[in-house]
Amino acid sequence: MPKELAISTRGLTKQFDRQIAVHDIDLHVEAGEVYGLIGPNGAGKTTLIRMLATSEEPTLGEIYINGERLLRDQSNPSLKRQIGYLPDDYPLYDDLTVWDYLDYFARLYQLREPRRSQRMREVLELVQLSHKRHSQIATLSRGMKQRLSLARTIIHEPLVLLLDEPVSGLDPIARVQFREIIKVLQEAGMTVLISSHVLSDLEELCTSVGVMELGYLVESASLDSLFRRLSRQQIVLSTLGDLEALKSELKNCPHVEGMEVLTGTPKVRVHFSGTSEDSAELLRSLIYAGIPLTEFQPTQENLETIFLKLGHQQAS
Amino acid sequence: MIPNLLLQATEWNPQLFREIKGRLKQRNLILTGGLSLLAQGIILLYFWMVLPSSETKYSRYFQGNDPYGYNQQILDALGNPVINWQLWWSDMFQVLSWLLPFAMLMAGVYMLIDDLAKEERRGTLNFIRLSPQTSQNILVGKLLGVPIVPTIAVALAVPLHGLAAIQGGIPASEVLSIYVLTAGACAFFYTAAVFYAFFGGAHSWLGAIIITLCYLMFFQVYQFSNRTYYPTDDYRYLGIGQWFYVWIGHSLAMAVGFALVNFAVGTFWLWKSINRRFRNPNQTLVSKKHSYLITLCFEVMMFGFVFRDNSYSYSRPTDDLGIMSIFNLMWFSIMIAALTPHRQTLLDWARYRRETQDGQNRWGKQVWNRSLGKDLIWDEKSPAILAIAINLLIPVVLFTPWILSWAGVNYAGTTGTTFILRGLASLGMLTMFLLVAAALTQLLLFMKSKRRNIFAAVIVGALIIVPPLFLAMLSSYAYSYSESVKIFWYFTAFSFLPLLAEGAALTTVCFTFLMHLGALTMLTNRMTYLLRKAGESEFKALTAGNRA
């Protein structure tokens, strides 16, 4: 039985002047998924997310959140409570303290005491800002501001979280922290739609990805199926002995589709089409053949390689 | 800092709570309290200084009834001058009654524009918009919370104001009316400040200047109407005369009630408009449907003052029309700006009008059933020109029977028929000019430039203001020209000035009218062409490109 759709759009289109920023998109994100939106700058990711957050009015098309029609008016306050939106520029009130800022939004989202204070403590702990609760927002670092914005986004426990380039401009440690938080939120059952240029982050976080280009959603699939379809398995081997002997031995294996010597190292990268059992068999045969192997490392092509392989060449 | 009771009271409105919490900081409170007490101290000191001493011979504050305030000194049994303390307190009451509403209005309007412009600039307003709170809740919070500091400053002066009223023997009804009117004026002008901010106005100082001018003008009119200019012995409360033959200004309750009803109607429409704009910043400030009712309210309110006893014994009937034309010129300048949609809205309307079905954009049901005319009259996204024409028709329909009723007037040798012809010509000319201005505004707001707002404001503003200024500079007086010079006036927004004063040859009026009509046709044709182009699908544009 198919899972319920947390986000669904029909023919969603947004035109700015004569340029179509988002073109007739039918997006389907299942409940509980972390959906990564990738694509070059100007592909329409931000516009799509803004429309899903009701921050932008679609020119045409319909949006459904958990099966309910989303309109940009006051007719659905309950639906608005289900959405959390973090834009890429995350504006804040510099004159407020961290606690007062969260308190303001908790009240806007109709959280009542004692739940309000409890929830504020929870999110501050989650984004690791408990020690800064009495600090003025103006004194926070960029990473902290980003985390505070995320705390604001999730204060009302939304079911759908829309994150637009949430890690851009963050240092590696802040990015790791951010990733960990997203994982916790996913475990808590939130559906997350996240756009990012950092594909390694998305690879680690996402269950599905969509590729946007020139306003079109050109690819939308689960990460597993994408890898199955487009990612070739590779094995990196290194030897203490003769490279030629290793290469001739590898040529005997029917699953080896090609190989390349990694320049400057006694290593060979093999494109392998077999299963895990086949790769175990290859290792056994090489050892029987007396090849002095020091490394046998099966890997897969990463998301970045797949993205480049898809050949979407829109200029940024 | 904030008392618990206040905290509980603000629980129902998070926006009000945020404003109060952000503004009622210790430093702000001390500063506000200090400033308010200092201002009161200065006023007291001033009144203390004008008190006459035993050496003063004449003073306003000696007992007596001198109309110019030069009462002679009277000494009591102990040789001390007898002071008219009631008058002294009454004067202080007058000063405070002028100052307190002014402080509330000016500071409040300034702070509201400043606050909303800042929120819009930073992008924080968008988050509030996305929350499940209603726009009414947020805007009430803003309207009550943002001016909280000046409100406290004024509240601190209320005891002194009350004391001055009691000692000055001011009737309680008059004291109460000041507070009620201040509340009404604040509701209206604060909502107008939000309207201005949502209009894109970020200059809070401009708002403060406008409110100051309005306030000063009101007092000028108020004082003027109570001098001996009009042959009436009765005091006119708030400077209001008759309205549809009903004496409003003779009773305090009527005058206050009239002002409050007007503030209420104005606030109601402004409130509708700011709520609409808050919910969707891409919409025009006023919907076409509402615009007709708003204009009708305004015109009826203004028109009522024309109906008074002995209207044309002391002035020409055309003078009333002239004053109403000036107000209409201002009114329709605002309405054109508030009704005219921008480029993107028009592009969407032109391109997808036929594709959108009963749906999210609420463009109406079953689009194919709609005619273009219906769209232009009611639709939120269509060009505004026809809607503005209908709005302009309202004063024409209202005023025409009144103008025709001048037949029996005979003022300084000019017959009623002449007045009627002048009246109709000036009404028609102003309507044509405003239609041309509306078409030009629509065309300018369809420009690709991101600064089209400014372009439209500058160009249309200049079109209204510069030619009359230039013509006025060329000669010292607008009315007395030869026909050949006067014709230039007929192409300006103020064509009604020479027309009403001196009239014009029928051929000149017809020529000017046709010229206006020509300009209007040219501008609307251009707009239609551009919209047709914009409405073509990308496919058609592509194939047309290929054929070329």
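How much area is buried between chain B and chain A, and what percentage of this area do carbon and sulfur atoms give? In this predicted model, the area buried between the two chains is about 3900 Å², and carbon and sulfur atoms give 46% of that area. The size of an interface is often given as the accessible area lost when the parts come together. Counted by residues, the contact takes 46 from chain B and 42 from chain A.

The interface was next examined for its polar features. Between chain B and chain A the count is 3 salt bridges, and A:Asp17 forms a salt bridge with B:Arg343, in which the closest N and O atoms are 2.6 Å apart. Across the interface of chain B and chain A, 12 residue pairs are found in polar contact, with both residues of a pair at pLDDT 80 or more. On the side of chain B that touches chain A, the elements that give two or more residues are α2 (14-23), α4, α5 (125-130), α6 (135-145), α13 (343-352), α20 (506-535) and α21 (538-547) of chain B. Of these, α13(B) gives the most to that side, with 6 residues. When the side of chain B that touches chain A is sorted by class, 12 residues are nonpolar, 16 are polar and 18 are charged.

Attention then turned to the nonpolar cores. The largest nonpolar core has 158 residues, and the members that touch the most others are A:Phe105, A:Leu148, B:Phe198, B:Phe399 and B:Trp402. Helix α16 of chain B (residues 416-444) gives the most to this core, with 15 residues. With neighbours within four places in sequence left aside, A:Phe105 is in contact with A:Tyr93, A:Arg152 and A:Ile155, and also with B:Phe127 of chain B. Another core, of 26 residues, lies apart from the largest one, and its members include A:Ala6, A:Ile65, A:Tyr85 and B:Leu130. In soluble globular proteins, nonpolar side chains tend to be buried together.

B:Asp115 lies in helix α4 of chain B, which covers residues 85-122. Because its relative accessible area is 13%, which falls under the 20% limit, B:Asp115 is classed as buried. The side chain of B:Asp115 is joined to that of B:Arg23 by a polar contact of 2.7 Å. When residues up to four places away in sequence are not counted, B:Asp115 touches B:Glu19 and B:Arg23, as well as B:Lys142 and B:Val146.

Definitions and conventions
Residues numbered from 1 in each chain as written. Chains lettered and ligands numbered in written order. Predicted model: local features only at pLDDT ≥ 70, side-chain atom pairs only at ≥ 80, totals over all residues. Heavy atoms only, no water. Helix = DSSP H or I, 4+ residues; strand = E, 2+ residues; numbered from the N terminus. Buried < 20%, exposed > 50% of the residue type's maximum accessible area, 1.4 Å probe, protein only. Polar contact = N/O pair within 3.5 Å; in protein donor to acceptor, adjacent residues only side chain to side chain. Contact = heavy atoms within 4.5 Å. Buried area = accessible area lost by both parts, 1.4 Å probe. Salt bridge = Lys/Arg side-chain N within 4 Å of Asp/Glu carboxyl O. Nonpolar A, V, L, I, M, F, W, Y, C, P; charged D, E, K, R; others polar. Core = buried A, V, L, I, M, F, W, Y, C linked by side-chain atoms within 4.5 Å.
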